[in-house]
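Please open the structure in your viewer and keep the selection tool at hand.

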Amino acid sequence: MWLDVFRKHACPVAPQCVLDVGCGTGVFEPALAHAFGGTIFGVEPSEHMRLIAQRVRSHPLVTYLDGSAERIPVPDRSCDLVLMYLVLQHVSDRPTAAKEVSRVMKPGGRLLIAGRFSGERTPRAWSCYFPRADELEELSVPSHDQTKAMFEKPGLRFLETERVRFKICGSLRDYFQRVRLRTASAFDHLTDEEFASGVAHLEADADRESYPQPVFQDADLMVFEKPA
Ligand SMILES: C[S@@+](CC[C@H](N)C(=O)[O-])C[C@H]1O[C@@H](n2cnc3c(N)ncnc32)[C@H](O)[C@@H]1O
């Protein structure tokens, strides 16, 4: 589903060189190679995640690189499409990241930033179970206006924002099994008691699920272009 959204906002050239900043374990990379047909760079600062990506999501067109949004190890003007998927909130030096992203984009290239932006009422699927994590995350993410100003400063042009509803799990039971692993960084600042209480509420709701109900979440996708 996200691939269709990425394709819709990409510039109409083929093949395309795609850079996925903060690619994590490479969930998108083989599909990006298939959809865009060019070199795919997955840049990820966590060695642990990068090693998983290399092990389980290798592809002849995909290169995983050690780097970050603030230090992107690819040449100037080399990428047709840059993705930042659920990553901007983790970037500590966002102005430097914006400069780096602009540097590596080809003229006419596109940047797609997907995630949550403050003030936009796009809570996470877990927000009602962990209200303090929700408040903390809301405070840690930039607004649309801040993001627009940040990426326009190094010369990108803002085009549009699309709200995207996507399925994150096939059932509340599966969602509970995922959340209880506490892998989301938004839970880092909760006490163990707060986390346990949220998980217990989620489990109780999952127990009441009589047939599998898919879990959906909204995210905003901000689209930028590097003027030709
Ligand atoms: C929520 S995960 C998203 C991973 C991937 N985009 C996905 O959707 O599967 C956030 C990712 O951002 C990475 N990250 C953290 N700080 C970063 C930075 N400064 N620059 C780039 N990526 C960063 C993390 O290591 C993690 O892989």
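Helices (H or I, at least four residues) and strands (E, at least two) are DSSP runs, numbered from the N terminus.

Residues are numbered from 1 along each chain as its sequence is written. The model is predicted: local features need pLDDT of at least 70, side-chain atom pairs count only at pLDDT 80 or more, and totals for chains, interfaces and linings use all residues.

**The whole chain**

Display the C-alpha trace, which spans about 55 × 35 × 30 Å along its principal axes. Of the 228 residues, 33% count as buried. A residue is buried if 20 or more other C-beta atoms lie within 10 Å of its own, exposed if 12 or fewer, and partly exposed in between, with C-beta atoms placed from the backbone. Among contacts between residues at least 6 apart in sequence, 74% join residues at least 24 apart. Two residues are in contact if their C-beta atoms, placed from the backbone, lie within 7 Å.

**The sheet**

Next, select the strands. In what order do the 7 strands of the open sheet stand? The order is S3-S2-S1-S4-S5-S7-S6, with mixed pairing. Strand S3 (62-66) and strand S6 (157-169) are the edge strands, each pairing on one side only. Two strands pair if DSSP finds at least two bridges between them. From one strand to the next, the twist averages 20°.

Now select S1 (residues 16-21) and S2 (residues 37-44), which run parallel and are joined by 5 bridges. Leu19 stands opposite Phe41 in S2.

Axes are lines fitted to C-alpha atoms, for helices over the stretch in contact, and angles run from 0 to 180 degrees between N-to-C directions.

**Around the ligand**

Select Gly22, Gly24, Ser68, Ala69 and His90, which come nearest among the 17 residues around the ligand. A residue is near a molecule or strand if its C-beta atom, placed from the backbone, lies within 6 Å of it. By class, this shell has 10 nonpolar, 5 polar and 2 charged residues. Ala, Val, Leu, Ile, Met, Phe, Trp, Tyr, Cys and Pro count as nonpolar, Asp, Glu, Lys and Arg as charged, and the others, Gly among them, as polar.

**Stops in the loops**

Select Pro15, in the loop between helix H1 (2-9) and S1. A cis peptide bond joins Ala14 and Pro15, with omega about -10°.

Move to the loop between S3 and S4, the place of Arg77. Phi of Arg77 is near 50°, a positive value in a residue other than glycine. Is Arg77 buried or partly exposed? Arg77 counts as partly exposed because it has 13 C-beta neighbours inside 10 Å.

Asp76 is in the loop between S3 and S4. Asp76 is exposed, with 10 other C-beta atoms within 10 Å. Not counting residues up to four places away in sequence, Asp76 touches Arg103 and Val104.
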